[in-house]
There are 2 protein chains.
Amino acid sequence: MLQSYASREVTQPDLRQFLEELYHGRDLSSFRAGQTIPMNPQVVWVVCRGVVQLSTLYQSGDEALLGLAGPSMPFGLPLTLIYPYQATALSDVDLMGLTMAEIDQSPTLAQEIGRHTVRRLRQTEAMLAMAGYRRVEDRLRQLLLLLQMEVGQPVAEGTRISIRLTHQHLASAIGTTRVTVTRLLGQLRGEGQLIVDAHRHLILPMGVVL
Amino acid sequence: MLQSYASREVTQPDLRQFLEELYHGRDLSSFRAGQTIPMNPQVVWVVCRGVVQLSTLYQSGDEALLGLAGPSMPFGLPLTLIYPYQATALSDVDLMGLTMAEIDQSPTLAQEIGRHTVRRLRQTEAMLAMAGYRRVEDRLRQLLLLLQMEVGQPVAEGTRISIRLTHQHLASAIGTTRVTVTRLLGQLRGEGQLIVDAHRHLILPMGVVL
């Protein structure tokens with residue numbers, strides 16, 4: 001299972017400030033929620049604002065969630081073996097593109113990218129461990145815990161998942177149907193283990209241990 | 001699916017040489033095949049020789065493969081959110097232990113570790129994508145392809161998987177039973193898509209596209 005205390009150890013997202021100092025005046029690329037982010041085999045994108053969904057498509061037509069890149073996290077074709085590999089803005093996002101050559105030439109930049117690559121590794125491994133739970137309820141609980149750690153924002157009622165994932169998104173992340181996710185989320189709400197706010201964001205109430 | 005050409009792009013395992021220069025005379029820790037590798041919250045292990053299996057245990061008693069760390073790859077508690085987290089030597093291995101403080105203090109060391117963390121990220125993401133295949137045959141084929149890329153050695157007949165994984169290992173890696181793995185491997189052998197050598201190592205014949 002996930003070690004929830006580990007969230008406290010996660011490196012602060014200081015890469016953005018570092019990058020801004022390094023590349024003062026360099027343009028960011030901005031994408032609106034829902035837009036597909038273009039990928040280049042030589043370019044690593046670093047998220048400066050927002051959250052990007054990484055996924056693949058199977059020949060069956062199924063889509064699988066492979067990661068969520070939040071602030072300071074790197075993603076892109078140089079960091080993956082998967083084809084097809086899709087990146088979609090889950091919120092409005094600002095990205096900075098860096099070539100592998102630029103990263104290799106600067107040990108300090110490489111160190112910062114490396115540090116945040118560790119965050120991606122931890123998250124990806126947590127999703128892999130999640131996929132191994134036999135019961136779909138357990139997979140959903142682990143996914144909510146992971147989302148809480150990765151994109152959770154403290155609010156009065158508890159921790160708000162700062163991105164809006166559809167039930168279909170959640171279903172494809174844990175290998176089940178939309179109908180099952182809707183039923184299980186309803187069950188968690190009924191048990192007081194989940195709140196859905198006016199903007200349809202999920203909130204994990206204070207003190208709830210999923 | 002996996003991009004098999006990507007294997008050609010994987011960085012050469014030059015970290016060992018780098019580490020040997022940096023820490024001339026520093027002791028390596030050696031473990032025999034089958035031994036459990038002790039873990040410390042502050043220590044990152046770097047593989048100098050051999051292959052280490054990373055896994056977790058579920059309350060159900062099931063074990064899930066989370067990664068295979070080969071030469072130059074880092075692993076350890078600072079790089080994971082998972083508990084319990086187990087590391088087992090799959091072959092005789094030599095490891096070098098580095099503290100997070102040591103890594104943070106040396107941009108060059110951090111750059112090297114970061115580069116090989118990318119390899120771990122790619123592998124972990126590939127395992128996550130593999131877990132999303134509905135058909136167990138497809139998951140097994142993807143696993144063999146990944147093993148070929150990660151621990152494959154060219155031999156006269158094709159590519160030999162340089163570690164010996166039991167059918168139970170393969171089964172837990174792809175969420176199926178040992179019996180099913182045995183049946184499917186037999187099927188692949190029957191179709192000439194797999195060779196098992198005298199030492200019970202798997203060989204993927206030349207030109208076979210799984």
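Domain bounds are taken from an automatic or database domain assignment. On that basis, chain A splits into domain 1 (13-129) and domain 2 (135-205). Their centres, computed over C-alpha atoms, lie 23 Å apart. The model is a predicted one, in which local features need pLDDT of at least 70, side-chain atom pairs count only at pLDDT 80 or more, and totals for chains, interfaces and linings use all residues. Residues are numbered from 1 along each chain as its sequence is written, chains are lettered from A and ligands numbered from 1 in the order in which they are written, and side-chain values use heavy atoms, with hydrogens and water left out.

The two domains of chain A were examined as a pair. Twelve residues of domain 1 of chain A and nine residues of domain 2 of chain A take part in the contact (contact means heavy atoms within 4.5 Å). About 880 Å² is buried between domain 1 and domain 2 of chain A. Buried area here is the accessible area (1.4 Å probe) that two parts lose on being put together, summed over both. Carbon and sulfur atoms give 71% of this area. A:Leu65, A:Leu68 and A:Leu90 supply 41% of the area that domain 1 of chain A buries against domain 2 of chain A, more than any other three residues.

Zero salt bridges are counted between domain 1 and domain 2 of chain A. The criterion is a side-chain nitrogen of Lys or Arg within 4 Å of a carboxyl oxygen of Asp or Glu. Two residue pairs are in polar contact across this interface, both at pLDDT 80 or more. A polar contact is a pair of N or O atoms within 3.5 Å; within protein, one must be able to donate a hydrogen and the other to accept it, and residues adjacent in sequence count only if both atoms are side-chain atoms. On the side of domain 1 of chain A that touches domain 2 of chain A, strand S4 (63-69) and helix H4 (107-131) of chain A are the elements that give two or more residues. Elements are DSSP runs numbered from the N terminus: helices (H or I, at least four residues) and strands (E, at least two). By class, this side of domain 1 of chain A has eight nonpolar, two polar and two charged residues. Ala, Val, Leu, Ile, Met, Phe, Trp, Tyr, Cys and Pro count as nonpolar, Asp, Glu, Lys and Arg as charged, and the others, Gly among them, as polar.

The interface between the chains was treated likewise. Chain B gives 41 residues to the contact and chain A gives 40. The area buried between chain B and chain A is about 3,900 Å², with 63% from carbon and sulfur atoms. Four salt bridges are counted between the chains. One of them joins B:Asp62 to A:Arg134, with the closest N and O atoms 2.7 Å apart. Residue pairs in polar contact between chain B and chain A number 14, both residues at pLDDT 80 or more. On the side of chain B that touches chain A, at least two residues each come from strand S4 (63-69), helix H2 (100-105), helix H3 (107-131) and helix H4 (136-151) of chain B. H3(B) provides the largest share, 17 residues. This side of chain B divides into 27 nonpolar, eight polar and six charged residues.

Chain B can be laid on chain A with an RMSD of 0.0 Å by a turn of 180 degrees and a shift of 0.0 Å along the axis. Superposition is by least squares on the C-alpha atoms of residues with pLDDT of at least 70 in both copies. The two copies are thus related as by a two-fold rotation axis. In chain B, the C-alpha of B:Gly114 is nearest the axis, 2.0 Å from it. Both copies use the same surface: 98% of the contact residues of chain B recur in chain A.

Some local features complete the description. A cis peptide bond joins A:Tyr83 and A:Pro84, with omega about -5 degrees. A:Pro84 sits in the loop between strand S5 (74-75) and strand S6 (86-89) of chain A. In chain B, a cis peptide bond joins B:Tyr83 and B:Pro84, with omega about -5 degrees. A:Ser72, a residue other than glycine, has a positive phi near 80 degrees.
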